[in-house]
Amino acid sequence: MRATFAKTLTEIAREDKRVLLLTADLGYMALEPFAEAFPEQFINVGVAEQNMVGIATGLADGGFIPFLYSIAPFASLRAYEFIRNGPVLHRLPVRIVGVGAGFEYGTAGPTHHGIDDAAALRPQPGLTIITPADALQMRSAMLATWDGDGPIYYRIGKEEKVVVPGLDGRFRLGRAETVREGNDLAFVVMGALAPEVCAAAEQLSERGISATVAVVSSFNPSPVEDLALLAQAHRLLVSVEAQHVDGALGSLVAETIAEAGTASKLVRIGVRRSPQGRSGSQRFYHALHDLSQTAIVERVLSLAAGEPV
Amino acid sequence: MTTSSETHRSVTGRRIREHVLRESRRANVGHIGSSLSIADILAALYGGILRVGSPEDPDRDRFVLSKGHAALALYVTLFLRGWLPESELATYCGDDSLLGVHPASELPGIDFSTGSLGQGLSLAAGAALAARMSGSRRRVFALVSDAELNEGSTWEAVMFAAQHRLSNLYLFVDLNGQQALGYTRDVMAIENPVERFTAFGWDAEEVDGHDVPAMTSAVAAAETDPRPHVFVARTVFGRGVSYMNGQIKWHYWPMSEEEFAQAMREVAET
């Protein structure tokens, strides 16, 4: 998605000189296409994320549309109060791009994992969060939202090639995209875990369990009505996210079910443990936190067998 | 387009102080000492330095009150310039008022909402860069407290402004020597501030923060320097009210009726 981001932003900037790209000294082998095409619209602010957000607030107030690039936890959490008091409080079109959604920075370890950015930012009023499931959807989402009025946090991955079957790059702000229909349960998945969940659904179908898969790629606005409909149509909802279970997708689904008054059961799959010092690949972390295709399948099978969740 | 400064004789340090005292007393709130220490800086800015034809002019000079807790002094200044009705000034700290303890940009004349210390200079630097990239001659002025120099983010913005040679950025440091719980020399000493800013690549000088003509001249003289400009303004906390001078408690404390009467008498004599 990084390369797609840089390519898409370069196209947008060619048409609109208000678009700027600021980076907190990250983006090697990713941002060069933009930096080379528009050196006057590219600023490396140095390793200073909170100042980057403050600078962007002043730039947006002056009529520009600044995109800010850093690794997800630095872009979101390090700069959190500047985001809150800057683009959120002033309702300005600052675009914060956090790369490395979930465990994509695997071996870099817990300081670099984007597993609490969406959860932390979701309470901010008027801050749209966009967390695409693949590069095609990343591009659609950018083209659909880049020139909106308020601030946006784009939570993007590094994967370029893997696509979500049936998604075909569709993106509608505040809507869930159903990519597979089933009767026994509905998976609700956020971000680049979607292909994993689709594969799990396929594997479950071979075991006689038919699952809907709905992809949620935006919060604020959140797809509340779509989720309520899913809850009405399925007895079991399973949310899956490479994120702490409290605050982001799982919480949204839980809130929606409770407020809609439906009788569905919800199982939230996500990060529940603290880091323990041992690091590894993204695959390692997905296995550790029961986010792998295998773990997801086993979880649903145990639910189907009536075992405790 | 606003191109030159005009003098506004209605905006004086004494008048700002009188109204600050009146509104503080009426609302029974503190932050009085902090507002009094910047009254003359605001008088210099809004009485002549700033090129602001109206708060709606897109090419007006911008002002960021980074020490947002002194917003009352700014509200009063906007009132004295004729941009804020007296009836609205009287809503200060009331319910459903745009005039809270800290300034909100929804109020005409307030360019940026502030209140959390150490954030204003980043906003100002971004606004200055926006002006330059837009080809506008507008300038950006910011006012920070000396305690805001405790914040690392302030120095991130200082470095950014120097790196990008933001010569349209003008910073006043209200060097009143105290912060919420103590004197800056005891909490986080800021020795040789001019030398520090100079070392960071700024055009820096010390000014008397109560000498309006001197501050006005200093800004005019700085205009041709290609670096961002900082005026380390030596001020007296609670300036004009003897019992507040240098007293920590007047960071938060409201006045009694007797204290108010004495303060008004003393300020009238300044």
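**Entry 1: the pocket.** Before looking, I noted what I was searching for: a pocket is an open set of grid points with protein on both sides within 12 Å along at least five of seven lines, and its lining residues have an atom within 4 Å of a point. I also reminded myself that this is a predicted model.

How many residues line the largest pocket, and which lie nearest its centre? I found 22 lining residues, with Glu104(A), Ala192(A), Glu196(A), Gln282(A) and His286(A) nearest the centre. Two helices of chain A, H8 (194-206) and H11 (282-288), are the elements that each give two or more residues to this lining. H11(A) has the largest share, at 3 residues. I sorted the lining by class and wrote down 10 nonpolar, 7 charged and 5 polar residues. For the volume of this largest pocket I noted about 450 Å³.

Entry 2: Next I looked for cavities, and the count came to 1 of 30 Å³ or more.

Which residues line the largest cavity? I listed residues of chain B, among them Tyr46(B), Leu50(B), Phe63(B), Trp83(B) and Asp111(B). Arg60(B) and Asp61(B) are in that lining too. By class I got 7 nonpolar, 3 charged and 1 polar.

**Entry 3: where A meets B.** I then turned to the interface. Chain A brings 22 residues to the contact, and chain B brings 24. Between them the two chains bury about 1,800 Å², with 61% of that on carbon and sulfur atoms. Which residues of chain A lose the most area to chain B? They are Asn51(A), Ile55(A) and His90(A), which together make up 25% of what that side buries.

**Entry 4: pairs across the interface.** I looked for salt bridges between chain A and chain B and found 1. Arg91(A) pairs with Glu106(B) in a salt bridge, and their closest N and O atoms are 3.1 Å apart.

On the side of chain A that touches chain B, helix H3 (49-61) and helix H5 (80-90) are the elements giving two or more residues. H3(A) supplies the largest share, 9 residues. By class, I recorded 9 nonpolar, 8 polar and 5 charged residues on that side of chain A.

How values were computed
Residues numbered from 1 in each chain as written. Chains lettered and ligands numbered in written order. Predicted model: local features only at pLDDT ≥ 70, side-chain atom pairs only at ≥ 80, totals over all residues. Heavy atoms only, no water. Contact = heavy atoms within 4.5 Å. Buried area = accessible area lost by both parts, 1.4 Å probe. Salt bridge = Lys/Arg side-chain N within 4 Å of Asp/Glu carboxyl O. Helix = DSSP H or I, 4+ residues; strand = E, 2+ residues; numbered from the N terminus. Nonpolar A, V, L, I, M, F, W, Y, C, P; charged D, E, K, R; others polar. 1 Å grid on protein atoms, 1.4 Å probe; cavity = no way out; pocket = protein on both sides within 12 Å on 5 of 7 lines; lining within 4 Å. Points joined across faces, edges and corners; volume = space filled by probe spheres on them.
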